[in-house]
Amino acid sequence: MKPFLMNDPVSISRRYFVERCSGLSLGAMALGALGREVGGAAAAPGGEAPLQLGLAELPHFQPKAKSVIFLTQSGGPSQIELFDQKPDLHKWAGTELPESVRKGQRLTTMTANQKQLVKPAATRFYRSKGGATVGEWLPHTAGVADELCFIKSMCTEEINHAPAMTKLLTGNQIAGRPSVGAWVSYGLGSTNRNLPEYLVLISKMQRPSDQPLYDHYWGSGFLPSRYQGVKLRNAKEPVLYLRDPEGMPRALRRDLLDGLGELNAQHLQEKGDPEIATRIRQYEMAFRMQSSVPELTDLSGEPEEVFELYGPDSRRPGSYAANCILARRLVERGVRFVQLVHPDWDHHSRLTSWCTARCRDTDQASAALVLDLKRRGLLEDTLVVWGGEFGRGVAGQGKWDSPEAGRDHHPRCFTMWLAGGGTKSGFTYGATDDFSYNVAENPVQVRDLHATILHQLGVEHERFGYRFQGLDFRLTGVEPARVVKEVLA
Amino acid sequence: MKRRSLFVGIPLWLSVGAFAAEPVQFGRDVLPLLSENCLNCHGADESNRKGGLRLDVREGALASKDGVAAVVPNQPDASELLRRITSRDPEEVMPTPKSHKAPLKPAQVEVLRRWIAEGAPWGRHWAFELPRRMDPSGGSAAGVHPVDRWVRAAWERAGVQGAVRADAATLLRRVSFDLTGLPPSSAELEAYLSDRAPGAWERAVARLLDSPHFGERMAMWWLDVARYADTDGFQSDATRTNWPWRDWVVDAFNRNQGFNAFTVEQFAGDLLPEASAEQRMATCFHRNHMANGEGGRDPEESRVDYVIDRVNTMGTAWLGLTLGCTQCHTHKFDPISHSEYYSLNAFFNSIDETGAAGSGAKPVLEYKSAHAPAALEEAEQLVADAKAAEGAARLGARGAFGEALPGWVERSRRDFREWTPLVAAGLESTEGTVLLQEADASVRATGPHPLQDEYRVAARVGLSRVTGLMLEVLPDAAHTGGGLSRGKSGEFILTDIKLQVRQRGRAEVRDLKVVGAVGDYSADKKANGGYGDVKDTLDDDPRNGWSTKGAPQAEQHVAVFRLEEALVLEPDEELLVELRQRSTLGDANIGRFRLSVSDQLGETVSKLGPGPLASLAGSGVSSAEAVPEDLKKRLFEQFLEEYPPYLAARQRLAVANAQLAEAKSAAGKLKVLVLEERKEPRETFVLLRGIWDKHGEQVGPGVPAAIAPWPAGEPQNRLGLARWLVSRENPLTARVVVNQLWQLLFGEGLVRTPEDFGLQGERPTHPELLDWLAVEFVESGWDVKKLLALLASSATYQQSSKVGAEELARDPQNRLLARGTRYRLPSWMLRDAALRSAGLLETRLGGPPVRPYQPPGVWEELFMGRFKYEPSLGPAQYRRTLYAFWRRAIAPTFLFDNAQRRVCEVRSLRTNTPLQALTLLNDETFREASRVLGARALEQGGAGSRGRLEWLSLAVLSRVPRAAEWPVLERALQQALDHYTRTPADAKAFLRSGQAPLPAAALHVDAASYAVVASLLLNLDETLSHE
């Protein structure tokens, strides 16, 4: 009925199998295919494997970007300290936020019972050639500001972390929708043979964070689960169950898989169910991942200057900075969607120690990633997205002029930046009012951001959906979303 | 998930074209077309209606506006609808291109033309008509099984034939999985294969239905429906104790409670006259939703969410309707209005709850579980055993200690040094402080003094290992007031400390985990902006840290840090120590300090002051005999710290004790969340756009008029609601439930969208059969076992799942049921089956949740260490997956494709991914099962490889190997034998999994080799599949 709805009834490989080959005698054809694959893999482990296919009708048009790196800053970085300079704010310092500005904005129960007294930014600002403003706590970001495209007019409705982050990453505040990365890998498939097409890297922190990172943030929702983000863990085992147990050397594992493949092939011939052929392929992919993933995460081949570029923390495996190097390596290997998550931006108190700590964790490496991609010629077709689920309010939380003060959540405006992937560089889009409280011009909703990301990947968001429980779902939802053409080069 | 769109999903031979000869049926042929293409903009939802036209009711379709009507009965050419769907003008054609819907196909247009020509008769969607028991028209013989009659009628129409009966072993395996979730034991298989008397199959089915494992299998279905979990979900994810309800579910299925009573008790057990504790507990069904305790969240918003979740769950599980759509607006397709949705909410809106999560949630039932004492007894035994083992290990260490002591005395008399100062190979700071090391190894801060800074010290270490670090903060005349810092106050703050190791020539560093810190003085945290306790230097949080403000400023201070594991440095590795001062106000960098390291475990690195060996050195004794008794005791404790056999026993005892503590609390009074009305009912309002605090009109309790009338005389409360669900007037519940039960045996329902029987759902593949079964189910008194026995006794169920290329191409999804459906078993069944095949399964019913093996660190990672996962010790490890602790924020890692238990789910998901392969190859449960299988094959399979491989195949696959399989198995065995004979250490390593005892050393090579073959068999597609 709908050309853009292509729910696959069975695994894609199976669909491919049945549709492309239905004229042949199945047993013969399957065994032929298997002979090549299993035998080939046995002869040369890590050999050619079938690519995970996307939807036949995608992309809708020539894409600008092949890959996306989403640098998720979880907790809500303060746009007031970091990007959205308001030089006149000090005039209002300590006075109550006018109701004409606040307009009934809902507050969390953490500050609902205190006066909303204006707290000016704790930072001074850099100004780039292109006119972008970046707070002094992000000196490296400021240094590459002319490569970036800032959106100062992001807005959302959600005021608590889980719903707001769920919305930023899945388009809806209620858990259960596919994440951006899942949509992308479902629609576009993979361009590499040995790794999943959507990978998630979470910074290793020592401090327990108050906001857990739910699996649904990178979940597949109602899409088949193989599209969900695969989390690379900061452990000996980057993927769960990846390492073979002690006493099971690689050669013996290969022998076992050969035997397994042979018996499964016999069974396929007996039963005729193409799902068995898929199973055989997946065991082979698992075997290849056992070498491709450790190869990916082993940074020992990276030259010293790379670590110098990404900063001292990049030497510590699992850090945000080390994950930035991994992100670049993933893009080099053709992985479609890479999502970094850095927790604990939730600075309700003590901006000078809390917010600055997260800035130091991320600033140099984020900037280095952009530079590194650029010098390798990868930035052109890699879209980098930096941002959190919401911003912070202009009122101080706690006593506004105390060093103890922080800022509460604020959904009405926040700043994100984009780089590469066909976006403008050195450009700032949108503006907020004098209090960095409301969007003054060119609001960008989360769904607009999603539409723009899809657009750069060659996908028209309105024609890309999935039918579930009788309804047609799209990443961008039912309310009108627009591609923010103004930020595109 | 198994369909592309409505029409592609319907097999070709049932598609509209096939009915050219017979009259168009509105419900079957027309309504789906209208629903798919028109109702989004021309349906019941007024807010979204375009051009004032509605096509969901006949009056709307026939209404004339300016002399134009969408439908003019008998006059297709005068009907605007037909003109628009065939128009070529992009401004006129429907569906409008803006909707991104494709134009209608000629065959579809033809259906609408004929329908109008035939008078445009109207009707209802099939699922809203009461099910009727009809006799099959095309079918033939009486005496044919009712299921088979309908299925065969469809075969005849399509011109296909069914498959042959599957072989006996396959069938027994299939039905054992379907009815108990477990494969047959060898004895059961043998008994069945040798039962040649008539009725053998029926006897086998009856035996399985009588098995206590039947209830467990059914409960796994129902727990997914009920979104049951052992925690709240969301941020705090607090633990709840609703598991007695889970045991109630198992029991309800085992005693075959009618599904109607099962429904009534779960909706309104508390409202029944003289309700028993169990009947009240049954209502926990509606309290199994997630609960949000996120800071900053309004509890009332959460409470509204819970009410909505209950209504949506009822919609999915009983009515097969996507009621969730009506939270925000009137349903676009099904006849449920926005306000009717909130009338359903009204039934659940006056529960005596506050929206709080965790321990604050109410109402609760205090309940003692009859299954808890057995778990307690098991844990007590476990602790008793572990204690005895710990005692024995302690005793066993005496001898070794006696041997070591003279050496210790000797060493203490030479040049024992408890702490060795670090001599820096590199000194640097981030913000500009210049660090200089002096002759006494102290390091002095000079030059600029920034507000915040990090000091980094790199040093080679001469010790054979490093167990901890000592930091001395030293006063100096150059500091303010002769104090500890160059800052204004003379006080220092240390916000965090980091230890790392770096190898020469390698860019990467590795972190060392510091697990303990003790200092000689702590400032009052409250009075000092959060800075005081030295332990706070371990959390990487600059908002707290160590300060000694309040102690005399000109005195030195000391702190000792303990590493989690003793560190052995390679010659080309150096230790990196980072001291951070990133405090909020700053200006408190340490002015002078000295770092030292120790190689001593125990007291030295966990207390201040000399450790046992230092005391020994200080005591001046010259022989082991002369060591005073109290010092000897301390030395023995020190010795135990390094004695691996003892450490293992101590660790096991600690885990056993923790398990006992849990079992004790599980045996006490538990709080089970239940339903209970509050005294003052709440008013219920329509929520505008579904937003919790945007009230529209007020509504009272009521049910959607289009589904079924309210049963006369029933109270307007949950009890009445439950009886409405299971009333004979309700066209949905019996069909929806029967469909889910069918799915348990056939993998897919007769309606392949089990959650959606509405207009946007799929039509049944066998509508008359579904109706027949629904009526039968109701008339049997909603007898679940009887229905399942009926399905299992059909020839349809017993068909072979073999498929030829032609059949596959014609009916890839087996919608005609002309073969047995083949699919991968749910992951929980795979785990249970592996345990049973290996003889490890612990078959006890009920009791507190257990923790199967899971890779270390998964919970810790998600919650940054707030929750720790410790796999269960003892028999608890081998309980069925039903009893696995379910943390809502992160489901058990070994379960793939399972419902996430966040919302009600009735559809099973089946994917095929490399991650599943890795899980089944490397998960500890499967590894332990493999090696136990291997060891048992050696014991029970006779002396030769033939008998042993045969034994393994029987245990795992319920059959012996086929001729073509033998060479593959023998080769796999030989390859393993070759390897392990060459490398026996690998054999031992491979056998080290789980807690079952290791076989004798002489058997390691054989046991490991058969374990490899067992692992191969456990991973066969056949083992994983419902064959």
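## Notebook: chains A and B, predicted model

I started with the domain assignment of chain B, which gives domain 1 (6-123), domain 2 (212-368 + 677-730), domain 3 (420-609) and domain 4 (822-1027). Such bounds come from an automatic or database domain assignment. Taken over C-alpha atoms, the centres of domain 2 and domain 3 of chain B are 56 Å apart.

Ground rules next. The model is predicted, with local features needing pLDDT of at least 70, side-chain atom pairs counting only at pLDDT 80 or more, and totals for chains, interfaces and linings using all residues. Residues are numbered from 1 along each chain as its sequence is written, while chains are lettered from A and ligands numbered from 1 in the order in which they are written.

**Chain A overall.** I noted 13 helices and 17 strands in chain A. Helices (H or I, at least four residues) and strands (E, at least two) are DSSP runs, numbered from the N terminus. Of the 489 residues in chain A, 62% are buried. Buried means 20 or more other C-beta atoms within 10 Å of the residue's own, with C-beta atoms placed from the backbone. I also looked at contacts (C-beta atoms, placed from the backbone, within 7 Å). Among those in chain A between residues at least 6 apart in sequence, 77% join residues at least 24 apart.

**Interface.** I found 96 residues of chain B in contact with 90 residues of chain A. On the chain B side, helix 32 (residues 965-982) gives the largest share, seven residues. By class, that side has 38 nonpolar, 27 polar and 31 charged residues. Here Ala, Val, Leu, Ile, Met, Phe, Trp, Tyr, Cys and Pro count as nonpolar, Asp, Glu, Lys and Arg as charged, and the others, Gly among them, as polar.

**Cores.** The largest nonpolar core holds 337 residues, and L952(B) and V1013(B) have the most contacts inside it. A nonpolar core is a set of buried Ala, Val, Leu, Ile, Met, Phe, Trp, Tyr and Cys residues joined through C-beta atoms within 7 Å. Helix 34 (residues 1004-1018) of chain B gives the most to this core, eleven residues. Domain 2 and domain 4 of chain B both give residues to this core, so it lies between them. I then checked V1013(B): leaving aside neighbours within four places in sequence, its contacts are L949(B), L952(B), L969(B), A972(B), L973(B) and A976(B). A second, separate core of 43 residues includes V443(B), L469(B), L512(B) and L579(B).

**Strands of chain B.** Five strands form an open antiparallel sheet in the order 5-8-16-10-11. Strands pair if DSSP finds at least two bridges between them. The edges are strand 5 (424-429) and strand 11 (509-512) of chain B. Strand 5 of chain B is joined to strand 8 (residues 453-459) of chain B by five bridges, and L427(B) has V457(B) as its bridge partner. Strand 6 (residues 434-437) and strand 7 (residues 443-446) of chain B pair antiparallel over four bridges. They form a hairpin with five residues between them, and A441(B) in the turn has a positive phi of about 75°.

I logged a cis peptide bond between L58(A) and P59(A), omega about -5°. Another joins M94(B) to P95(B), with omega near -5°. Y241(A) has a positive phi, near 70°, and counts as buried with 22 C-beta neighbours inside 10 Å. D344(A) has phi near 75° and sits in the loop between strand 7 (337-342) and helix 12 (354-375) of chain A.

How values were computed
Buried ≥ 20, exposed ≤ 12 C-beta atoms within 10 Å, placed from the backbone. Contact = placed C-beta atoms within 7 Å.
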